[in-house]
Amino acid sequence: MTLWRVVQNEWMKLVRRRRLAVVVALALCLVGMFALGEHHEKQIYSRVPTQAASADWKANAKADLAAAEAQLSLLERRSPTSAGAAQALAALQQRVQEDRYRLAHDVGPISPNLLNGWAETSQFVGAATKTFIPLLVVILVGDMVAGEMTQGTIKLLVVRPVRRRTLLLGKWLVSVASSAALSFLLCFAFLGVALAIDGPQGAMQPEWLNVHVRFFTQPGALQPTPVAMYDHAAVWPMWHAFLLQSALVAGAMMAVASIAFTCSVLFPSAMVSTSAAMGSIIIGFVVAAMARGQSWVRMLFTTHLSLYGDLAGGTAFTVGSPVSLAQGVAVLLVWTVVLLAAAFLRFGRQDILNA
Amino acid sequence: MNVLQLFDVTKRIGPREIVRQLNMSVRAGEVYGFLGPNGAGKTTTIRMIVGLIRPTRGAIQVCGHDVERDPVSAKRHLGAIVENPEMYGYLTGRQNLLHYARLAGLDRIEERIERVAKRVGLQDRIDDKVKRYSLGMRQRLGVAQALIADPKLLVLDEPTNGLDPAGIREFRELVRALASEGLAVFVSSHLLSEVEQMCDRVAVLQQGRVIAEASVAELRAGAGSLRLRVSRWDEATAWLRARGFEVDGSDARLVVHHLDDARVAKLLRDLVGAGFDVYEAARTGGLEQSFLALTGAESGGDTP
Ligand SMILES: Nc1ncnc2c1ncn2[C@@H]1O[C@H](COP(=O)(O)OP(=O)(O)O)[C@@H](O)[C@H]1O
Ligand SMILES: [Mg+2]
């Protein structure tokens with residue numbers, strides 16, 4: 001099939017370009033920085049006095065569960081109307097869910113002088129997916145078409161008996177596949193580093209997903225107060241949540257790759273197209289930060305680069321209005337489809353005059 | 001059947017018509033020269049033939065397939081170099097050829113690569129990175145990629161630019177050999193000598209219009225001059241002028257202008273018949289003068 005041959009070609013070119021070497025070098029720097037940070041943090045933690053792992057955590061958990069459930073039954077009929085009441089309710093719900101999870105899966109808390117490598121990685125990946133990983137993706141695929149325009153190689157490519165849209169589709173598939181692969185590899189490189197430094201404990205520790213954030217307007221307050229609510233929350237083991245997070249990072253980076261790819265079709269110079277893609281990401285963040293709390297900020301693709309944050313509640317806090325994973329996926333999909341449609345329209349009918 | 005056919009092709013970019021109402025056809029086994037000074041519109045025409053840009057009006061067919069409506073079928077029979085043959089410098093020559101062969105949907109690719117590499121004399125350097133190739137080697141690789149799919153039509157845009165004289169001669173021989181195997185070759189040039197030596201037919205392009213189309217033999221015969229050394233030159237000059245020949249000459253060497261083959265033959269016969277002795281007779285100018293006369297311009301470059 002023609003498309004498959006285009007994909008083989010594009011892959012061959014991608015892995016032999018100097019850009020890939022640059023990306024790999026930057027990625028290794030990033031992993032190194034994370035390793036240094038973890039090492040430093042581990043030193044600090046090791047100064048915390050060791051506690052004998054309490055063997056009777058189960059008894060404590062059972063007692064805590066009974067107490068929390070009793071308090072909860074008093075509150076639960078009324079939906080909270082103030083931030084304070086909501087926070088109290090949420091804290092109780094979280095306690096109940098944690099105790100139940102620990103007892104059901106026989107998972108005791110980890111000693112306070114040990115770092116949880118899984119949680120550390122998850123936190124770092126959450127930050128990196130909004131900053132560093134998109135930049136790597138843009139460097140990797142921000143000139144997929146523009147590079148060939150600049151080099152002039154597009155001429156001998158378009159002369160072949162292949163439809164232009166097939167060429168473009170092949171290039172796009174390689175762009176998104178390589179970006180997804182890069183994100184996955186990075187996530188697991190971070191995890192490997194964290195587990196090597198911090199130890200493997202923590203895989204089974206609880207992680208809350210599907211956390212809804214409610215905003216309470218307080219009299220006299222300038223901005224509404226966000227409160228994470230646990231009514232519909234699910235508790236997952238961390239290793240499980242991390243797999244989901246990696247997949248979501250890869251998905252978001254495929255959207256970033258598509259945006260960068262479109263830039264590479266719309267701007268015929270490799271430099272301009274890469275800069276335009278980076279610029280649009282940076283501008284997205286700046287605008288989102290300035291317009292925090294406005295509901296339209298949820299329509300920006302930069303808001304949802306951490307899809308896992310959409311699911312675990314973090315995104316709503318930064319954006320200042322409620323979001324959900326479904327919303328995030330929909331926003332990224334719409335951006336991707338609209339921009340790709342523009343790219344295909346443009347490339348399909350464009351006169352290639354200056355290459 | 002014509003391998004390449006242009007019907008009334010016009011291309012407008014912005015307010016300017018870069019090429020206007022081109023009608024040309026190239027047959028199998030023929031080397032067709034597309035001669036014009038720089039900026040005449042040769043590259044623009046070639047970009048339309050290979051589907052990089054669309055004609056504003058008119059149509060182009062390759063082996064009977066419309067380039068705009070059925071690009072895949074049309075391009076299946078096409079090999080081309082447009083301006084410089086830019087290739088992927090970070091790939092080897094072999095990887096470049098593999099890349100293009102895949103896009104043509106070919107089978108037994110390795111065999112083909114060996115064959116075309118040998119044909120253009122690159123077999124020893126085919127596994128080097130292209131960024132380490134000399135300009136001449138890049139041109140050869142350009143020809144190799146154009147030939148990889150056994151095309152019926154070869155479109156070459158000023159292919160000898162940057163080649164040394166030996167390279168040009170070799171290239172000319174390759175083009176002639178390909179034509180004798182039945183390929184149609186469409187080759188643009190701003191150099192008259194090149195077209196004269198390589199082509200069977202030629203179209204002369206000036207400011208986007210074809211102002212002449214003829215076989216090279218016709219053009220060569222068309223508007224040449226004849227240098228003569230004869231006895232009694234002053235009498236001979238008067239005698240020739242009386243018969244309507246255009247003669248320059250203030251000494252024993254006369255130059256008679258605007259002669260084709262038939263007129264040259266008749267002139268010599270009559271001159272001898274009239275009792276003049278002819279010591280020397282040489283044709284000059286030929287295509288070069290026709291070209292200059294037709295385009296009214298410098299040919300735009302140095303003859304290598
Ligand atoms: N991208 C473009 N936009 C506008 N005019 C162009 C463009 N490219 C070429 N031209 C004009 O078209 C004319 C023909 O150019 P070209 O086909 O490259 O000539 P040639 O190959 O015969 O030297 C020139 O006058 C040039 O200025
Ligand atoms: Mg040109």
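Entry 1, ligand 1. I looked up which elements of chain B form the shell around ligand 1, and found that β2 (16–27) and α1 (42–49) of chain B each supply at least two residues. Of the elements, α1(B) gives the most to this shell, with 3 residues. I note that the model is a predicted one.

I then listed the surroundings by residue. Ligand 1 has 13 residues around it, and the closest are G39(B), G41(B), K42(B), T43(B) and T44(B). I sorted the shell by class and got 5 nonpolar, 6 polar and 2 charged residues. For the position relative to the chains, I recorded that ligand 1 lies between chains A and B.

On the chain A side, N354(A) has a polar side-chain atom 3.2 Å from a nitrogen atom of the ligand. In chain B, a side-chain N or O atom of R16(B) is 3.2 Å from an oxygen atom of ligand 1. A40(B) takes part through its backbone, with an N or O atom 3.2 Å from an oxygen atom of the ligand. I also looked up the cover: ligand 1 taken alone exposes 560 Å², and the protein buries 69% of that.

I traced the lining to its elements: two or more residues come from each of α1 (2–16), α2 (18–46) and α7 (146–151) of chain A, and from α5 (135–147) of chain B. By class I wrote down 9 nonpolar, 9 polar and 13 charged residues for the lining of this pocket.

I noted a volume of about 480 Å³ for the second largest pocket. I found 25 residues in its lining, with R164(A), G348(A), R54(B), E68(B) and P71(B) nearest the centre. The elements that supply at least two lining residues each are α9 (164–198) and α14 (325–349) of chain A, together with β4 (57–62) and α2 (71–76) of chain B. Which element gives the most to this lining? I found that it is α14(A), with 5 residues. The class count for the second largest pocket came to 13 nonpolar, 4 polar and 8 charged residues.

I looked up the domain assignment of chain B, which gives domain 1 as 2–219 and domain 2 as 224–285.

Terms used. Residues numbered from 1 in each chain as written. Chains lettered and ligands numbered in written order. Predicted model: local features only at pLDDT ≥ 70, side-chain atom pairs only at ≥ 80, totals over all residues. Heavy atoms only, no water. Helix = DSSP H or I, 4+ residues; strand = E, 2+ residues; numbered from the N terminus. Nonpolar A, V, L, I, M, F, W, Y, C, P; charged D, E, K, R; others polar. 1 Å grid on protein atoms, 1.4 Å probe; cavity = no way out; pocket = protein on both sides within 12 Å on 5 of 7 lines; lining within 4 Å. Points joined across faces, edges and corners; volume = space filled by probe spheres on them. Near = heavy atom within 4 Å. Polar contact = N/O pair within 3.5 Å; in protein donor to acceptor, adjacent residues only side chain to side chain. Areas by Shrake-Rupley, 256 points an atom, 1.4 Å probe, with all protein chains shown as cover. Domains from an automatic or database assignment.
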